[in-house]
2 protein chains.
Amino acid sequence: MTTSTSARQSTSTGKRGETVASPAIDTASVTALLERGRTLATPVLRAAVDRLAPPMDTVAAYHFGWIDAAGNPSTGDSGKAVRPALALLSAEAAGAAPEVGIPGAVAVELVHNFSLLHDDLMDGDEQRRHRDTVWKVHGPAQAILVGDALFALANEILLELGTVEAGRATCRLTLATRKLIDGQAQDISYEHRERVTVEECLEMEGNKTGALLACAVSIGAVLGGADDRTADILEKYGYHLGLAFQAVDDVLGIWGDPDSTGKRTWSDLRQRKKSLPVVAALAAGGEASERLARILAADAKKTETEFADFTEEEFASRAALIEEAGGREWTSQEARRQHATAIAALDEIDIPEKVRAQLVALADFVVVRER
Amino acid sequence: MTTSTSARQSTSTGKRGETVASPAIDTASVTALLERGRTLATPVLRAAVDRLAPPMDTVAAYHFGWIDAAGNPSTGDSGKAVRPALALLSAEAAGAAPEVGIPGAVAVELVHNFSLLHDDLMDGDEQRRHRDTVWKVHGPAQAILVGDALFALANEILLELGTVEAGRATCRLTLATRKLIDGQAQDISYEHRERVTVEECLEMEGNKTGALLACAVSIGAVLGGADDRTADILEKYGYHLGLAFQAVDDVLGIWGDPDSTGKRTWSDLRQRKKSLPVVAALAAGGEASERLARILAADAKKTETEFADFTEEEFASRAALIEEAGGREWTSQEARRQHATAIAALDEIDIPEKVRAQLVALADFVVVRER
């Protein structure tokens with residue numbers, strides 16, 4: 001959150017760190033919304049995690065960045081906290097106080113982090129948010145176990161409210177979690193396939209990122225007594241917001257500045273990820289697209305070790321080809337299209353004008369971020 | 001289920017296959033109860049698993065024994081199905097039709113199998129129910145992913161009922177799942193400790209086995225509209241039944257007949273498990289107990305490979321020492337004590353006499369089984 005929008009815009013012509021759209025966002029308002037989400041949700045999240053039996057409480061605290069690997073208090077990067085901010089706004093969308101959304105914010109964060117713990121292990125990712133991942137520090141068994149515990153805790157936090165609304169909220173969260181799992185299954189299966197279509201990639205990203213973001217935007221409203229139609233439309237906004245978010249992530253995953261993203265240069269290329277810029281470039285046709293296809297087909301036959309020996313220049317030349325074939329520009333455009341669809345959904349429901357403006361500001365923020 | 005009680009009793013003086021107690025159980029009644037649970041719950045369980053996206057549906061079907069590793073239909077051993085039988089009886093305990101308990105039976109089975117998938121991976125267990133485990137056949141990522149999916153599905157099956165009772169049932173299932181996870185965390189941490197007390201072992205087994213069995217016995221009643229007190233007392237019966245079940249399992253884990261259990265000879269000793277007979281023998285004091293302690297302390301320093309080279313005789317001599325120190329007899333007595341506590345709990349509530357008799361018969365069955 002330290003990067004100001006104006007600083008970002010001044011560098012937006014550079015090769016690295018270039019982002020996809022520049023709506024005139026109200027930085028102060030978004031910062032305040034994210035801060036409110038963090039301030040209200042974090043103490044409840046920490047109290048929830050404190051319920052875990054040792055050593056799971058410690059492992060979870062490490063994952064959330066509250067302690068370091070040696071167990072000392074830490075103020076590490078705990079993420080952007082877009083979801084808690086959305087869950088509180090969601091309660092306000094239903095005319096309730098933001099605090100009504102807190103259990104929803106906490107439950108969504110718990111599910112999100114359950115999926116990070118398990119995905120990092122399945123994908124063999126050794127770093128997240130500039131730090132070693134849980135399976136790397138505490139071993140695979142703890143990553144599985146603490147992930148499971150966070151998932152259970154998410155349901156517990158909601159269901160112990162004991163209301164009909166809590167049951168409805170948990171049902172929506174459960175369906176979103178199933179989609180999250182479907183998305184991870186697709187992500188894994190695509191790794192072994194030579195070709196993935198743009199549609200398949202969008203479906204996977206809708207499951208992996210859209211579904212839980214959608215739930216963050218409906219869960220507070222459901223807890224605040226909103227009807228199913230209102231919740232469904234809020235989810236529509238959240239789903240497309242998630243796809244916009246992911247399109248930006250996919251651009252950053254190749255061309256992002258390591259200092260901002262906390263990942264290595266050309267991160268997604270190193271993992272041979274079939275992200276949107278790649279599949280769009282391959283689908284585009286033309287000379288650059290065909291050259292890229294031949295190179296990636298040859299890459300696919302290489303072992304992990306051979307691949308790890310690639311130079312910076314080899315990754316840079318692949319990134320340049322993706323850009324030449326139009327994959328980068330298509331993905332940036334896609335982020336803008338999803339952003340527009342998200343905002344248009346808000347016209348279908350009657351929510352307080354201030355809440356609508358804040359949801360728009362958050363959507364703007366999501367497409368201009370650098371990390 | 002093919003072993004008749006009379007056949008078992010006739011061999012109950014043999015070293016292998018000897019079991020812990022011989023209440024006069026009504027075999028026909030128990031067989032009918034287990035069969036009813038299987039008949040009513042399995043189609044709904046299969047329909048639930050069919051909701052999973054490929055390849056998770058196939059991996060789950062393999063885990064449940066419905067198909068073999070090549071994908072061909074199979075009629076493998078899918079377990080004793082004690083939990084579904086209990087969930088249906090649970091509905092009847094609240095005066096509802098057994099069918100009311102079906103979603104509860106299915107949800108409990110899904111959570112049970114979620115934990116098997118993850119535990120087998122964490123523990124490195126290569127075999128379950130005479131077959132290779134999921135992580136061994138389909139890889140660790142699928143074991144994690146399908147486990148996650150089954151856990152989510154369990155909540156989905158209950159919450160889509162959309163009733164207040166379903167919310168209460170899911171809340172109980174969630175709390176039981178958290179205990180299940182606590183128990184697995186304890187089990188893992190005990191592996192690295194030199195000494196575990198009998199109390200710690202019982203607490204771990206109460207979490208790992210008691211909590212979900214308890215939930216199976218309350219979930220149908222909750223879905224049938226039972227109040228919290230009735231549900232709590234049914235859980236008390238189920239919790240102690242679970243501890244009795246586990247005590248029998250711990251005896252079978254050392255002295256069980258491989259043809260019946262589907263595990264290798266001296267299975268728990270091969271895994272250096274600190275199960276009840278072991279911790280009870282170590283706590284007993286006396287010459288055999290002290291010799292056992294010295295031997296196990298030396299064993300703990302050996303590598304997996306050195307340990308794998310042990311002969312049948314070396315395991316047999318350890319088992320004999322555990323028995324000489326009284327570990328086997330104490331565990332058999334403990335199964336009977338827990339069985340008695342379980343049955344006594346039923347006196348605290350007013351449930352139909354026929355249901356009470358069937359719960360007693362199931363408890364009797366649990367302590368005399370050979371697998």
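Chain A holds 18 helices and two strands, where helices (H or I, at least four residues) and strands (E, at least two) are DSSP runs numbered from the N terminus. The model is predicted, so local features are reported at pLDDT of at least 70 and side-chain atom pairs at pLDDT 80 or more, while totals for chains, interfaces and linings use all residues. Residues are numbered from 1 along each chain as its sequence is written, chains are lettered from A and ligands numbered from 1 in the order in which they are written, and side-chain values use heavy atoms, without hydrogens and water.

### Overall build

The C-alpha trace of chain A spans about 60 × 45 × 35 Å along its principal axes. A compact globule of 371 residues would have a radius of gyration near 21 Å, and the 20 Å of chain A agrees with this; the radius is taken over C-alpha atoms, and the globule rule is 2.2 Å times the number of residues to the power 0.38.

Of the 371 residues of chain A, 58% count as buried. Here buried means under 20% relative accessible area, exposed means over 50%, and partly exposed lies in between (1.4 Å probe, protein chains only). Counting contacts (heavy atoms within 4.5 Å), residues 24 or more positions apart account for 75% of those in chain A with a separation of 6 or more.

### The nonpolar core

Which residues have the most contacts inside the largest nonpolar core? They are Leu150(A), Tyr237(A), Leu150(B) and Tyr237(B), in a core of 169 residues. Such a core is a set of buried Ala, Val, Leu, Ile, Met, Phe, Trp, Tyr and Cys residues joined through side-chain atoms within 4.5 Å. Leaving aside neighbours within four places in sequence, the contacts of Leu150(A) include Val49(A), Leu52(A), Phe64(A), Leu110(A) and Phe114(A).

### Helix H3 and its surroundings

H3(A) is mostly covered, with six of its eight residues buried: Met56(A), Val59(A), Ala60(A), Ala61(A), Tyr62(A) and His63(A). Within chain A, the partners these buried residues pack against include H2, helix H5 (102-123), E2, H6 and helix H7 (140-159). Chain B takes part too, through its helix H8 (164-191). After H3(A) comes Gly65(A), with a positive phi near 85°.

His138(A), in helix H6 (residues 134-138) of chain A, is in contact with Val59(A) and Tyr62(A) once neighbours within four places in sequence are set aside. At 28% relative accessibility, His138(A) is partly exposed.

Most residues other than glycine have a negative phi, and most peptide bonds are trans. The exceptions below are worth a look.

| Site | Feature | Value |
|---|---|---|
| Pro54(A) and Pro55(A) | cis peptide bond | omega about 0° |
| Pro54(B) and Pro55(B) | cis peptide bond | omega about 0° |
| His130(A) | positive phi, not a glycine | phi about 65° |
| Trp266(A) | positive phi, not a glycine | phi near 50° |

Pro55(A) lies in the loop between helix H2 (27-49) and helix H3 (56-63) of chain A. In chain B, Pro55(B) lies in the loop between helix H2 (27-50) and helix H3 (56-63).

His130(A) is in the loop between strand E1 (127-128) and strand E2 (131-132) of chain A and is partly exposed, at 43% relative accessibility. Trp266(A) belongs to the loop between helix H11 (258-261) and helix H12 (267-270) of chain A; with a relative accessible area of 5%, Trp266(A) is buried.

Beyond its neighbours within four places in sequence, His240(A) is in contact with Gln338(A), Thr341(A) and Ala342(A).

Ala288(A), Ser289(A), Leu292(A) and Asp299(A) are buried in H14(A). They cover an arc of only 90° around the axis, so they sit on the same side of H14(A), the arc being that of the directions from the helix axis to the C-beta atoms. Glu287(A) and Arg294(A), on the other side of H14(A), are exposed. The buried residues of H14(A) pack against helix H13 (276-284), helix H15 (304-308) and helix H16 (312-324) of chain A.
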